[in-house]
Amino acid sequence: MALVLLRTPSSYSPPSTTTPLLPFTTACRSPSRVPSSAGHWKRVRGLRIASGSGRGLALTHADTSGDLKEIRDCCTVWKWKDFDVNYLVKGKGPPLLLVHGFGASVGHWRRNIGVLSECYTVYALDLLGFGASDKPPGFAYTMEGWAQLILDFLDEVIKKPTVLVGNSVGSLACVIAASGLVLLNCAGGMNNKAVVDDWRIKLLLPLLWLFDFLLSQRVIASALFERVKQRENLKNILLSVYGNKDAVDEDLIEIIKGPADDKGALDAFVSIVTGPPGPNPVSLMPKISIPVLVLWGDRDPFTPIDGPVGKYFSSLPSNLPNIELHVLPGVGHCPHDDRPDLVHEKLLPWLSSLPSMSEISTG
């Protein structure tokens, strides 16, 4: 999902309803130190971050992902509340901030950074607990905490009105933080316990609570996590949530698996899966009056278009004139990586249609 954030408040507050919009009309910043998934610092030389439509960008494992190496070249670290937060910056123009979903990281935007950075300054960050950002043992992860991280990043690093682009729980974090947005398969909460009015979740709810109990047992949680992050298991999970199976390549598996081997990754997994789901988008969206673009893959098994969250967002355009919805055929839970060409086809014109700063300043 992508979001339009129109201001950079220094602390979290609920979305306001009357904020003017940012305008939309390039080169990578100098390489800097970047944290490896093992927690040490290294410099890496990159090849080329893909540009164009985003199609046909799968890499072989032997190539060790030139795209991912250049992404790392564009990364640096921001200090947030004594924690290291990894982020990327590339391009020149009005700023965009990309916010990944559960288990992902900056690298998950590999098929979008090149295209977007041709006209925009692209920022992307690893939420605390994911990617190359810190994973503090025993930390209690919440949607509100991630939203505050985003707001502080806007305030301290970007320092100007910014468009937020998020996916899944990253989308929801952006909704909490922002007063306007573009959503790509927005999550209903930090975990599935938020969507209690879906008959599928109702059937599974006893199992979800049992799973929470099992994860509270350290030995069991560790065994389950080790099994989930095995390469073949990760590949099968990803194949189940992507409509375009060709997009599930070795790079994608490594994007998910690498950080899962970090110290603190197990604690992050348990906290996120068992913690409070956080604010529901149903309570947030009515407060937003600026333009919103919703993009939704119709083959998403996590937040299906015919589920309560999908149905809610599908109903919004007929009730709220500021919201534009596009259902993407044959696309799963991560549209930006699954079929980036379809996402760019809708996102880029929408960005270019936003009012200019001169119009705002004279309006």
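In the predicted model, the residues of helix H9 that are buried are Ala265, Leu266, Asp267, Ala268, Phe269, Val270, Ser271, Ile272 and Val273. Helix H9, which spans residues 265-274, is thus mostly covered, with 9 of its 10 residues buried. One of the buried residues of H9, Phe269, also belongs to an aromatic cluster, whose other members are Phe83, Phe102, Phe130, Phe139, Tyr141, Trp146 and Phe225.

Trp78 is located in strand E4 (residues 75-80) and Phe153 in helix H3 (residues 143-158), so the pair ties together parts that are 75 residues apart in sequence. Trp78 has a relative accessibility of 7% and therefore counts as buried. Phe153 is likewise buried, its relative accessible area being 0%.

A further edge-to-face pair is formed by Phe139 and Tyr141, since their ring planes stand at 65°, with the centres 4.9 Å apart. Both residues are members of the aromatic cluster that includes Phe269. The two partners fall into separate accessibility classes: Phe139, at 26% relative accessibility, counts as partly exposed, whereas Tyr141 is buried, with a relative accessible area of 2%. The assignments follow from the cut-off, because buried means under 20% relative accessible area.

How values were computed. Residues numbered from 1 in each chain as written. Predicted model: local features only at pLDDT ≥ 70, side-chain atom pairs only at ≥ 80, totals over all residues. Heavy atoms only, no water. Buried < 20%, exposed > 50% of the residue type's maximum accessible area, 1.4 Å probe, protein only. Helix = DSSP H or I, 4+ residues; strand = E, 2+ residues; numbered from the N terminus. Phe/Tyr/Trp six-rings, centres within 6.5 Å; stacked < 30°, edge-to-face > 60°.
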